[in-house]
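Here is a short briefing for a first look.

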Amino acid sequence: MSTFLGMPAGRGNLTGAPFPEAAREALGNAQLRRNLAKATATIRGKRANVVGELPDWAELRAAGAAIKDEVLADLDEHLVRFEEALTARGTHVHWARDADEANRIVTGLVTATGTREVIKVKSMATAEIGLNEALADVGVHAVETDLAELIVQLGRDRPSHILVPAIHRGRAEIREIFRREMPGVDPDLTADPRALAEAARAHLRRKFLTVDVAISGANFGIAETGSLVVVESEGNGRMCLTLPRTLISVVGIEKLLPSWRDLEVFLQLLPRSSTGERMNPYTSVWTGPTEGQTSHVVLVDNGRTATLADPDGRAALRCIRCSACLNSCPVYERTGGHAYGSTYPGPIGAVLSPQLTGVERNPTLPFASSLCGVCYDVCPVAIDIPSMLVHLRKRVVEAKGGTPESTAMRALAWVMSDARRWRRFARLGRFGRTASRHVPLPGWSTARDLPQPPRQTFRDWWEDR
Amino acid sequence: MRVALFITCLVDGLFPDVGKATVRLLERLGHEVVVPPAQSCCGQMHINTGYAAQALPIVRNHVKAFERADVVVAPSGSCAGSVRHQHAAVAREHGDAGLAEAAEDTARRTYELSEFLVDVLGVTDVGAYFPHRVTYHPTCHSLRVLKVRDRPLRLLEAVEGIDLVELPDAETCCGFGGTFALKNADTSTAMLADKMSNVIGTRAGVLTAGDSSCLMHIGGGLSRLRSGVRPLHLAQVLEHTR
């Protein structure tokens, strides 16, 4: 795609094994299937209730989409305004064209403080760029403080959901992980959720009080004021944002909102779409560093400018990471997030990941959908994911060039673009009446019988009538 | 009314009984049915698999085939959906503004069967008699692209003798998704398994839907399990009389 030459492609945790293979493995995991079915059904129900009770949801959704589109249309200007506002308040601003550069900047800032440990607020951007691994390479241990992220980290595992990263784990598994990996944990720890939360709380409290550098992401950045916003449930994020003397926030360049006023729309859209709550328990907003604190903001591109350059794909940058599309997707509900091989799973991941990396490096994700359309219906910023998937499939086909599939599709298109050719072709079906019972169609016939072709096509019946 | 039947390639080649039922139903309601001979396929499989460029001549053929029709009716939500929501965009993206306009014109005259019956003809009771236990699967494209809502159910509820039972999780996709069923066969099968389990749980003898493609998928699975549940297109249920 010549349009995108010169724009940095996204790197980091955005690719994995081909989706069909990864999905096959995940589908065989009964525990995963049960957890996902239960968890997604619960969140879906809660979301439907709190969205249904708002008479102006459609308007809110349209406003959310419009505000994000406005940001994307003049992203360069909003970013400069944001940088000016941040700098004026005493925050140091850094620009990173991709994951490698972002990691270099953050590891440099962290090592300069002399710390061997950092505490982290749950953040998709740092997961995307693989920051924890980069920090480990320079001898710094990153402690995840979001409960589910902590479970994932201690289990030496990967997140499988944007909002509920340990959605694939059960209580008993979590107890085992804590007993094995959490220093000083009660060996008689039970799998009671309250006991598990208390163990994590004690463990994290020690970290909050001793570690002096924190790393966060941000749900929103306000261009007008230079404010950053973190929306969370546990309050652990706020501990990280306020206690340590150094705060480094890694923010994707698409996270901006033009003005303070715009935040109101998103503070309604996000919690209702993500956790199914009217309002999340903790919303932290900070404008410049708090007294005695040094603050840095690292603005990360990592494929976003390339995504922005594609008129048919750029709406994916509206995404506010609510995960309503994951919870509603019949594919995600069955395969879980790991099958997508990217920090961003589910329907939004299937359109975002290939755009950030370039479709060549993610050719199976655009096909990881039955195009049922439920993701579009629930998206709080009205991203037409099905149409975008179709658009990306086209780019995959273009990138692949000649394949047996493309030859067959070309031939079929030749047949189907002319009624006489099509009629002759359709009539051949009757010779397959016996074969349909005995000759398997790869992929289809493992679980489904083929229909038996009729002796006479509809059109032949119509003319004989 | 003179109705141009857009038979769809799948019904033409594999499920002619659905087409026959649609013809008989419309004729019984007093309308004239014509089958424009130049039609073949809507091109949706090509478009949705990434072959929009190859689909362009298919779209052109379709638009031309129906250019003179007053009203076009398809026994498929998915194919009607492609005509209404994809054709003009495909034409436009390949720089054919004339075709895009013609496609938009065709789109405005195109209806899925239940839409045509309920909205255009204004009937819900089509005089059918079908004394069987039936469950209805709302297909994704009829539901979310065309937004037919409860029109098919209203038609079914008016059928004499029918024992219509609600399908749990009815609005969840059956896992067909065109080439998705082949490219992601395992995931598709997992979705199908849940759909079949819900269908079988209703103890219905007949599963009905507005799309032969989804019925081919669910029906193919139900047949493999020797479940005894019969897939029947909505038109086939509505065509039945005493």
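How many residues does helix 3 of chain A have, and how far does it reach from its first C-alpha to its last? Helix 3 of chain A has 17 residues, 57-73, and reaches 24 Å. That is close to the 24 Å expected at 1.5 Å a residue. Keep in mind that this is a predicted model.

- The buried residues of helix 3 of chain A are A:Arg61, A:Gly64, A:Ile67, A:Lys68 and A:Val71.
- Seen down the axis of helix 3 of chain A, these buried residues fall within an arc of 130 degrees, so they line one face of the helix.
- An α-helix has 3.6 residues a turn, so residues three or four places apart point the same way.
- A:Ala58, A:Glu59 and A:Ala73 are exposed, on the other side of helix 3 of chain A.

**Annotated domain in chain A**
- UniProt lists residues 399-465 of chain A as "domain: Lactate utilization protein B C-terminal", in an unreviewed entry.
- This span is 52% helix and 0% strand.
- Its end C-alpha atoms lie 48 Å apart.

**Annotated domain in chain B**
- The UniProt annotation "domain: Cysteine-rich", also from an unreviewed entry, covers residues 3-83 and 134-218 of chain B.
- Residues 3-83 of chain B are 56% helix and 12% strand, with end C-alpha atoms 17 Å apart.
- Residues 134-218 of chain B are 48% helix and 12% strand, with end C-alpha atoms 15 Å apart.

Key:
Residues are numbered from 1 along each chain as its sequence is written. Chains are lettered from A and ligands numbered from 1 in the order in which they are written. This is a predicted model: local features need pLDDT of at least 70, side-chain atom pairs count only at pLDDT 80 or more; totals for chains, interfaces and linings use all residues. UniProt positions are given in the numbering used here, feature names are shortened, and annotations may be inferred rather than shown by experiment. Helices (H or I, at least four residues) and strands (E, at least two) are DSSP runs, numbered from the N terminus. The expected span of a helix is 1.5 Å times one less than its number of residues. A residue is buried if 20 or more other C-beta atoms lie within 10 Å of its own, exposed if 12 or fewer, and partly exposed in between; C-beta atoms are placed from the backbone. The arc is that of the directions from the helix axis to the C-beta atoms.
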